[in-house]
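These are my notes from going through one model, element by element. I wrote down what I looked up and what I found.

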Amino acid sequence: MRPGRNPFRGKKARCGDMIPFPINPLFMQPKYIIIISNMQHRIPVLLIFTLIYVFLFSGCPPPEKNEQGGEITIFKYKVVVQGQTAPDLNEIPLYKELEKRTGIRLHFLHPKNDKFEEELDALIESGNIPDLIYIPNENAYKTLLPRYIDSGLVIPLDPLLPHYFPSYNKILSDHPEWEKAIRSSTGKVYMAPFLVGHPSLRVWFGPIVRKDWLNEFGLAEPETIDEWYEMLKAFKSKTPYPLTMAGINKGYKSFVKGNVFIGAYNLCWDFYLDRGKVKFGQYEKNYKDFLLTLKKWYNEQLIDPDFFYNDNSVVDVKISRNEAGVFLGAAGSDLGELLDLKKYENPGFDLTGVKYPVVNKGEKPFTGQMERVFLGRGYCITSGAKNPKLCAQWLDYGYSGEGHILYNFGIEGVSFARVDGEPVYTDLVTHNPEGLTMTQVLSLYTRVTYNSAIVQDEHYLKQFYTWPQCVDAKTKWSFTDAEKHMLPELSLSGSDEKALASIMAAINPYVEKMFISFITGQVSMDHFNDYRTYLENLDMRQAIQIQQDALDRLNS
């Protein structure tokens, strides 16, 4: 499919042809697509839908008719943009434009953010099987998708790829390493994912420091843990708690993201790869050294005492009030947009990204933040889909030339214009007349910073970084060995997934509880070996072996 061509314009389909959306006048009426965000339980009725699916794809289908009939709905959570929940997706310009192009009206229903599974379960139990399920993150990919596959809720996309996913199919053919990551343990494709399409997009997060405070104290940017300690002690004269961050599972501004401090001790939080072996950072012996460092900083009140419980929004408030001089965040939506907001209030205000810390001067950081190409996010078609082919074509549009531009840059003449053939964001995005940040505007006109079935475009990032400090930060944060220690996206069998989920359901809360207890002194560090023994009693070694076996299968 050549770039710019609208795949929804076409003539009447024949058997085996890719069927464009308006295949006959009946299809010119607005239709709907169901996209659902999270499900957990197996439903017996799914067997019926699976049999229907097998029947439909067992031979050449009859000529297409208006099979959709009733309403097809999109069930998807609202994203949170800089502490504010985004508008109803029914109202944003992106999806209104998509309706115009496809002739399909999209109707979104938004569950409460903490009620995905409950609300979806209720929908399923009522007999309203969705057309598409959206898998929103890596955790859901690992814990939910295997259940959906085992129960027959989601169908393999392989039969649809040649004719109904032509653009996506070409991407898989052109990038066999991407395809390898996307395919399940059974070798099948179940997801139309969000893909980080260029190496420059994979690093965007790290430690951020008040540059004007460094200058005031005559300090160089810190590189070692000892230099961090000296900086935090100096900053304490400016604010009671110089370093703030979010807690475990409290948002991306967490110390867990990017392994900012634990990486100095040649560890990663959770599972990681070390010379071909799977390890779990909080089980390793040198995890104790990391705990001792944070405990020292905590005892000397160099860290926000609430950091265990802070979420992103709390961190944002503390930073905006100058209650912290050091935090963790993104180059564009945090560092850059904070400069936008604060520079005009205080011309002397300045921020800089600093390198991931190490123990010894001159070492290359063991790890840091780096995204995989495939993040475990994307859409799956269910066995209850009324028209799987139509769903496939709708999803494939995001991978087409025309869809790629829409999802990454928005509407030409509104959110972007062509300059020397390249899409360039307009002032609506970069200097919004209503005072919206660039991140907020992009959430209305694109999915480039969020989730959909697309390949993220690197040209967005070049325009998103409006301050040289952002580019400089990204360069510093990229200087790590993160890629060597990242586990690839592993696909587990249903039985292994259940076993791992059961083990980690006990290990994760215990690790989090003991982290807080060790740092705050509720439990003496003298009990660290007892902590490791208890992890072994919770089948820590079995959890590691399950991951190791999956890695070995992937590499075989």
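In which loop is R275 found? I located R275 in the loop between β9 (271-274) and β10 (277-280), where helices (H or I, at least four residues) and strands (E, at least two) are DSSP runs numbered from the N terminus. R275 has a positive phi of about 55 degrees although it is not a glycine. I noted R275 as exposed because its relative accessibility is 76%; buried means under 20% relative accessible area, exposed over 50%, and partly exposed in between, with a 1.4 Å probe and protein chains only.

**Conventions.** I am reading a predicted model, in which local features need pLDDT of at least 70 and side-chain atom pairs count only at pLDDT 80 or more, while totals for chains, interfaces and linings use all residues. Residues are numbered from 1 along each chain as its sequence is written, and side-chain values use heavy atoms, with hydrogens and water left out.

**Whole chain.** I counted 23 helices and 16 strands in the chain. Of its 556 residues, 56% count as buried. Taking the contacts (heavy atoms within 4.5 Å) with a separation of 6 or more, I found that residues 24 or more positions apart account for 77% of them.

When I left aside neighbours within four places in sequence, F290 was in contact with F255, F261, I262, Y265, W269 and F515. As background, I note that in soluble globular proteins nonpolar side chains tend to be buried together.

**α21 against α22.** I then followed α21 to helix α22 (residues 528-537): the two pack at an angle of about 175 degrees, with their axes 11 Å apart. Here axes are lines fitted to C-alpha atoms, for helices over the stretch in contact, and angles run from 0 to 180 degrees between N-to-C directions. α21 and α22 are therefore roughly antiparallel, since angles over 145 degrees count as such, under 35 as roughly parallel, 65 to 115 as roughly perpendicular and the rest as oblique. On the α21 side I listed I507, Y510, V511, M514 and F518, which meet F528, Y531, Y534 and L535 of α22. By class, this contact has nine nonpolar, no polar and no charged residues, with Ala, Val, Leu, Ile, Met, Phe, Trp, Tyr, Cys and Pro counted as nonpolar, Asp, Glu, Lys and Arg as charged, and the others, Gly among them, as polar.

**α17 and T446.** Helix α17 is mostly covered, with eight of its eight residues buried; among them are M438, Q440 and Y445. T446 is found in the loop between α17 (438-445) and β16 (455-456), and I counted T446 as buried because its relative accessibility is 0%. What does the side chain of T446 reach at 2.8 Å? I found the backbone oxygen of L442 at that distance, and the backbone nitrogen of V448 at 3.3 Å. I take a polar contact to be a pair of N or O atoms within 3.5 Å, where, within protein, one must be able to donate a hydrogen and the other to accept it, and residues adjacent in sequence count only if both atoms are side-chain atoms. T446 and L94 are 352 residues apart in sequence and 6.0 Å apart in space, C-alpha to C-alpha. Not counting residues up to four places away in sequence, T446 touches L94, L406, Y407, N408, F409 and G410.

**K476.** A polar atom of its side chain lies 2.9 Å from the backbone oxygen of G353. Beyond its neighbours within four places in sequence, K476 is in contact with E221, T352, G353, V354 and K355.

**Between α11 and α12.** Y309 sits in the loop between α11 (287-299) and α12 (312-320), and is exposed, with a relative accessible area of 56%. Leaving aside neighbours within four places in sequence, I found Y309 in contact with K250 and I516. Q301 lies in the loop between α11 and α12 and is partly exposed at 40% relative accessibility. Q301 has a positive phi of about 55 degrees although it is not a glycine.
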